[in-house]
Amino acid sequence: MTCDVRIACIGTYIPRARVSNEELATRFEMDPAFLRNKIGIAERAVKSSTETTSDLCVGAFADLQRRRQVDFDAVRVVCVVTQNPDRKIPHTAAIVHQRLGLGKHCLTFDISQGCAGHVHGVAIASSLLQSLGGGGAALLFTCDPYSVVVDPTDKATALLFGDAASVSYLSTDEPGYAVIDSDFGTVPNTWECLMHDGHRLKMDGRLVFSNAAREVPASIQRVLSRNELTLDGIDQFLLHPGSKYIVDHLRATLGLPPEKVPFDIAGYGNTVSSSIPIMLAECFTQQRHTKIISSGFGVGFSWGTNLMEFRP
């Protein structure tokens, strides 16, 4: 189903502070070649101890305002994708809504999703905005500062995650990327593969990898088949950069050239639900990709794939 709603612009916020992985890898007795070639993350972006999820979202909105003018009266939906909200109650979208000074006509809600969060959020917010009728815009935020849940002594997670936020501006009457088709799923009996145990983040890396290696290529092929497209007909594949190893494996499985599958997180890390919109923001800058596949996967184990096309 083609949606008339388009992603018209994306703002991002990546904290300036960085923590190098080199010292931590040495402490873990990790071969530097493994850090470079398999994990692919040299340093991680880390928020300050006083910054909250809503702070990072507001930072992303400030970047959006530098890129375009935002008509506050047109914004009808505010959604925050996060599993690390400011508070248990209320939803973080309500806090962001107040901090931005938006009107009372806005529908606000959070989506509890991880690395597939932006793919889920775009599909949900697009359908919602279209169903409301009357046009307007939606602000879709992503933010999961994992620095607050990762145990720095845990070799499985300490080298991976960076902090960031994004905001996608969805509009009914502007050029941008429209969702043409989507594919979602959750593998039964896998929710423990990546979880917070009440004290820290725990990850079964082998289980995450095996599920991603099986489900993501199949999901992409289903979307292509339904729309009578081939891999050659897609200009860019935005695969969630969990690590260099998993992206390289998925790219090889699909037989894609490196230039169609960006991996550029060496300087800030795996930013969970913000990883795909950060890459998509670069597509707006380049203005040369008409058809894009975005595919996120991880927590759940859930995945989501969107086929998007730039519509003038």
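**Start in the sheet**

Select Asp181 and look across to β13, where Leu307 stands opposite Asp181. Keep in mind that this is a predicted model.

Now widen the selection to residues 176-186 and 302-311: these are strands β8 and β13, which pair in the antiparallel sense over ten bridges.

Next, bring up the rest of the sheet. It is open, has nine strands with mixed pairing, and runs in the order β5-β4-β6-β7-β1-β8-β13-β12-β11. At the edges you'll find β5 (107-111) and β11 (236-239), each pairing on one side only. Ignoring direction, neighbouring strands here are turned by 25 degrees against each other on average.

**Helices on the sheet**

Pick residues 53-67 to show helix α3, which lies across β1, β4, β6 and β7 and runs at about 120 degrees to β1. Then go to α6, which packs on the sheet and touches β8, β11, β12 and β13. The direction of α6 makes about 130 degrees with that of β8.

Zoom in on Ser219, which sits in α6 (residues 205-226). Is Ser219 buried or exposed? Ser219 counts as buried because its relative accessibility is 0%. Leaving aside residues up to four places away in sequence, Ser219 touches Asp183, Trp303 and Thr305.

**Last stop: two helices**

Select residues 32-39 (α2) and 244-254 (α7): they pack at an angle of about 45 degrees, with axes 6 Å apart. That angle makes α2 oblique to α7. Show side chains for Arg36, Asn37, Lys38 and Ile39 in α2, which meet Lys244, Tyr245 and Asp248 in α7. By class, this contact has four charged, two nonpolar and one polar residues.

Definitions and conventions
Residues are numbered from 1 along each chain as its sequence is written. This is a predicted model: local features need pLDDT of at least 70, side-chain atom pairs count only at pLDDT 80 or more; totals for chains, interfaces and linings use all residues. Side-chain values use heavy atoms; hydrogens and water are left out. Helices (H or I, at least four residues) and strands (E, at least two) are DSSP runs, numbered from the N terminus. Buried means under 20% relative accessible area, exposed over 50%, partly exposed in between (1.4 Å probe, protein chains only). Contact means heavy atoms within 4.5 Å. Axes are lines fitted to C-alpha atoms, for helices over the stretch in contact, and angles run from 0 to 180 degrees between N-to-C directions. Angles under 35 degrees count as roughly parallel, over 145 as roughly antiparallel, 65 to 115 as roughly perpendicular and the rest as oblique. Ala, Val, Leu, Ile, Met, Phe, Trp, Tyr, Cys and Pro count as nonpolar, Asp, Glu, Lys and Arg as charged, and the others, Gly among them, as polar. Two strands pair if DSSP finds at least two bridges between them.
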